[in-house]
Amino acid sequence: MSLTSRSEAVFAAVDLGATSGRVITGLAGPERLVLTEAHRFANTPVRLPDGLRWDVLALYQGMLDGLRAAARSGPIASAGIDTWAVDYGLLDADGGLLGLPFHYRDDRNGKAVEQVLAECGARELYAVSGLQHLPFNTVFQLAAHRASAQWGAARTVLLIPDLLTHWLTGVVGAEITNASTTGLFDASAGGWSDALISRLGLERSWFPPLREPGDPAGTLLPHVAEYTGLPTGTPVTTVASHDTASAVAAVPATGPGFAYVSCGTWSLAGLELSAPVLTEESRAANFTNERGVDGTIRYLRNIMGMWLLEECRRTWDARGEASGLDVLLAEAARARPFAAMIDPDDEAFLAPGDMPSRIDAQLVSSGQVPPDSPGGYVRCVLESLALAHRRTLREAAGLAGREPDRVHVVGGGSRNELLCQWTADATGLPVTAGPAEATALGNILVQARAHGLVGDLADMRRLVARTQGLRHYTPQGDQRAWDRAAARLERT
């Protein structure tokens, strides 16, 4: 008996994160949504003499191997790619890649930020792009690249998912949710900003035509089809290629009054709006207006996220002090509440390295005593993230004029019961946690919709709510304790 009926099909989601990639197959239809992991592979950056780079060739090979594994499981209706944002490859006139793409955590961007802001002030940038100021935004990375020999040979800029799609299909395009993270996209007009591109001395011809989630992106090249075992002509579907946009598309909300935290290496906390918020107050609060599915606006702010905990664990592992995550979380639950708190968004936490020492430095500089155990550090990180979620969501509500009635935590962080409960306690709002695989689900759902198997964005979300395991948290304890902790953190 066939695994699918005429109302169902299987799609392949290529989902690349900052530390790993995977290919997920998804059986999707009006009443079913089932994911299966076909292949997982490491994403290990490479530090070269000129900086930290993504090993995009290894990622491409891992993607091909994953599609081959997916093909062995049965017919695949289409494939779609999502990745992180802002990073890019430069292509020459022959379509060849000019060097491995830089990693957004490379330290090359400091002077470039100053140059860009001198050429085009922060207010003007925000009035057009509506983009949160982050030192690794694509606009700053491109400015840093201008001094290189590669720059003179460049003819096309492709963000990472667009580059990988190009290698699969031979077609050049720019998916809109990822394009909106570059700082060169007009948030109001919904297209590339010719004015900003010209003002910053970039070539408009380098930026390809925009594609919407659900648009065709081409079909597999013959050699790709031969390697993967997928039929020649297998379509590649444009999905919400920014992984956060895919994750937000899979938020299992049953109404419009929700806030979300897409929680993984980063915590992306915010609201879904119908129009951007481009006020000076919004710029000063450092909120971003990025595109979502169907022209929605992801009004959010980046928070450093589980990166803090991941780097702490890497440091302890290197010292031979490794403990399992379950043990660390149990120790954190027993540690003294609010003993130490940090601002997760301090740029000192951005680069890889000894995270506990950097946490110590911030605590000492603010007159606090560093934790004396790994569990104490974990509690410090998770309580600080919950407070950051609270602050960000309250500011977003005030700036957008919309009060949420629930917080949806999606992504890997939705498995962290302490963080979810403390987010409920800190915000005073009920939290729905899950799905953990929101990014892959959003990727699959956009493909399924393009093939006529599911309905609009609201139908997609209702399908997630019906078919995926979710957990619910209600605020507990003394809300005033969180109020006092927030006030204390603001004074440090």
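Between which two strands is the loop in which Val86 lies? Val86 lies in the loop between strand E6 (79–82) and strand E7 (88–91). Helices (H or I, at least four residues) and strands (E, at least two) are DSSP runs, numbered from the N terminus. This is a predicted model, in which local features need pLDDT of at least 70 and side-chain atom pairs count only at pLDDT 80 or more, while totals for chains, interfaces and linings use all residues. Residues are numbered from 1 along each chain as its sequence is written, and side-chain values use heavy atoms, with hydrogens and water left out.

**Overall form**

- The secondary structure of the protein comprises 19 helices and 21 strands.
- The radius of gyration is 22 Å, close to the 23 Å that the globule rule gives for 492 residues, so the protein is as compact as a globular protein of that length. This radius is taken over C-alpha atoms, and the globule rule is 2.2 Å times the number of residues to the power 0.38.
- The C-alpha trace spans about 60 × 60 × 50 Å along the principal axes of the protein.
- Of the 492 residues, 58% are buried. Buried means under 20% relative accessible area, exposed means over 50%, and partly exposed lies in between (1.4 Å probe, protein chains only).

**The seven-stranded sheet**

- Seven strands form an open sheet with mixed pairing, in the order E17-E18-E16-E15-E19-E20-E21. Two strands pair if DSSP finds at least two bridges between them.
- Strand E17 (288–291) and strand E21 (471–473) are the edge strands, each pairing on one side only.
- On average, neighbouring strands of this sheet are turned by 30° against each other, direction ignored. Axes are lines fitted to C-alpha atoms, for helices over the stretch in contact, and angles run from 0 to 180 degrees between N-to-C directions.
- Strand E16 (residues 267–273) and strand E18 (residues 297–303) run antiparallel and are joined by seven bridges. Leu273 has Ile297 in E18 as its bridge partner.

**Strand E15 and its neighbours**

- Five bridges join E15 to strand E19 (residues 406–410), and these strands run parallel. Within this pairing, Ser262 stands opposite Val410 in E19.
- Five bridges also join E15 to E16, but here the strands run antiparallel. Ser262 stands opposite Leu268 in E16.
- A hairpin through three residues connects E15 to E16.
- In a regular strand the side chains alternate between the two faces of the sheet.
- Both faces of E15 are covered, with Phe258, Tyr260 and Ser262 buried on one side and Ala259, Val261 and Cys263 buried on the other. Six of the six residues of E15 are thus buried.

**The largest pocket**

- Rolling a probe the size of a water molecule over the atoms shows where empty space is left.
- On a 1 Å grid over the protein atoms alone, a cavity is a set of points where a 1.4 Å probe fits but cannot get out, whereas a pocket is an open set with protein on both sides within 12 Å along at least five of seven lines; lining residues have an atom within 4 Å of a point.
- The largest pocket has a volume of about 1300 Å³. Grid points are joined across faces, edges and corners, and a volume is the space filled by probe spheres set on the points.
- Among the 49 lining residues, Cys263, Gly264, Thr265, Trp266 and Glu310 are the closest to the centre of the pocket.
- The elements that give two or more residues to the lining include strand E1 (9–16), strand E15 (258–263) and helix H12 (307–318). The largest share, four residues, comes from H12.
- The lining divides into 20 nonpolar, 18 polar and 11 charged residues. Ala, Val, Leu, Ile, Met, Phe, Trp, Tyr, Cys and Pro count as nonpolar, Asp, Glu, Lys and Arg as charged, and the others, Gly among them, as polar.

**Backbone exceptions**

- Most residues other than glycine have a negative phi, and most peptide bonds are trans.
- Val86 has a positive phi of about 70° although it is not a glycine. Val86 is buried, with a relative accessible area of 7%.
- Asn286, also not a glycine, has a positive phi of about 60°. Asn286 is placed in the loop between helix H11 (280–284) and E17, and at 23% relative accessibility it counts as partly exposed.
- The peptide bond from Gly434 to Pro435 is cis, with omega near 5°. Pro435 lies in the loop between strand E20 (431–433) and H17.
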